[in-house]
Amino acid sequence: MTAIKDQRKARAKQKYRVGQLVMLFFTFSFLGFLWEIGLRWVVEGELVKRGTLVGPWLPIYGAGGVLAVCLLRRVAERPVLTYLASCVLCAGIEYGTSWYLERMYGLRWWDYSGYFMNIHGRICLAAVVLFGLGCCTAIYFAAPSFVRHFAGLPRRVRRTVSVVLVLMFALDVGGSSLYLN
């Protein structure tokens with residue numbers, strides 16, 4: 001039991017450098033992309049590219065993951081509080097993103113209107129519960145593991161990959177704002 005508490009304390013104190021956060025953003029964005037495609041395939045039996053961008057990334061997952069590991073590390077020693085804070089963070093991100101996309105483009109990329117305990121169809125209890133678990137997974141397991149793996153790459157490779165991804169992402173955001181997916 002003490003070993004688990006020590007691990008939580010270590011994660012609570014873990015700070016990430018900018019380069020690590022960039023790599024985590026793209027990793028979480030790509031994993032979110034795969035999650036959304038896989039979920040749609042399992043639930044509805046069809047393969048559909050999800051998101052507003054052309055590339056294989058969903059920035060809402062990247063931003064959510066990075067915000068979770070940055071903002072919630074202070075409470076990581078308390079898993080229940082971490083989970084509840086993750087749920088609130090995710091609900092805010094998802095509601096705000098849905099609102100922004102609808103105001104900006106006049107379109108809805110998701111609608112939870114038919115789900116239990118939804119708010120304006122932008123968020124629902126089931127999604128918030130699931131995303132809260134995802135944030136806890138990111139904080140306690142995924143981010144520390146990914147950062148260890150990133151550290152195994154030569155510094156020049158990490159920087160080059162980060163710069164290329166940021167440039168591709170910027171081009172994607174610019175192009176996709178003109179030609180919606």
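How much space lies in the largest pocket? About 1600 Å³ of space lies there, in what is a predicted model. Local features require pLDDT of at least 70 and side-chain atom pairs count only at pLDDT 80 or more, whereas totals for chains, interfaces and linings use all residues. Residues are numbered from 1 along each chain as its sequence is written, and side-chain values use heavy atoms, with hydrogens and water left out.

**Largest pocket**

- A pocket is an open set of points, on a 1 Å grid over the protein atoms alone, where a 1.4 Å probe fits and protein lies on both sides within 12 Å along at least five of seven lines; lining residues have an atom within 4 Å of a point.
- The volume is the space filled by probe spheres set on the points, which are joined across faces, edges and corners.
- Of the 49 residues that line the largest pocket, Glu36, Leu58, Ile60, Tyr61 and Phe131 are the closest to its centre.
- At least two lining residues come from each of α2 (18-44), α3 (59-71), α4 (79-105), α5 (125-151) and α6 (155-178); helices (H or I, at least four residues) and strands (E, at least two) are DSSP runs numbered from the N terminus.
- The lining of the largest pocket comprises 31 nonpolar, 11 polar and seven charged residues, where Ala, Val, Leu, Ile, Met, Phe, Trp, Tyr, Cys and Pro count as nonpolar, Asp, Glu, Lys and Arg as charged, and the others, Gly among them, as polar.

**Second largest pocket**

- The second largest pocket has a volume of about 290 Å³, and its lining residues include Arg17, Met23, Phe150, Arg158 and Val163.
- Two or more residues of this lining are given by each of α2, α5 and α6, with the largest share, five residues, coming from α6.
- By class, the lining of the second largest pocket has five nonpolar, three polar and four charged residues.

**Salt bridges**

- The model has six salt bridges, each defined as a side-chain nitrogen of Lys or Arg within 4 Å of a carboxyl oxygen of Asp or Glu.
- Glu102 and Arg108 form a salt bridge with their closest N and O atoms 2.9 Å apart.
- In the salt bridge of Arg122 with Glu102, the corresponding distance is 3.1 Å; this pair links distant parts of the chain, Arg122 in the loop between β1 (118-119) and β2 (123-124) and Glu102 in helix α4, 20 residues apart.
- Arg122 is buried at 5% relative accessibility, whereas Glu102 is partly exposed at 24% (buried: under 20% relative accessible area; exposed: over 50%; partly exposed: in between; 1.4 Å probe, protein chains only).
- Arg108 also forms a salt bridge with Asp111, the closest N and O atoms being 3.4 Å apart.
- Through shared partners, salt bridges join Glu102, Arg108, Asp111 and Arg122 into one network.
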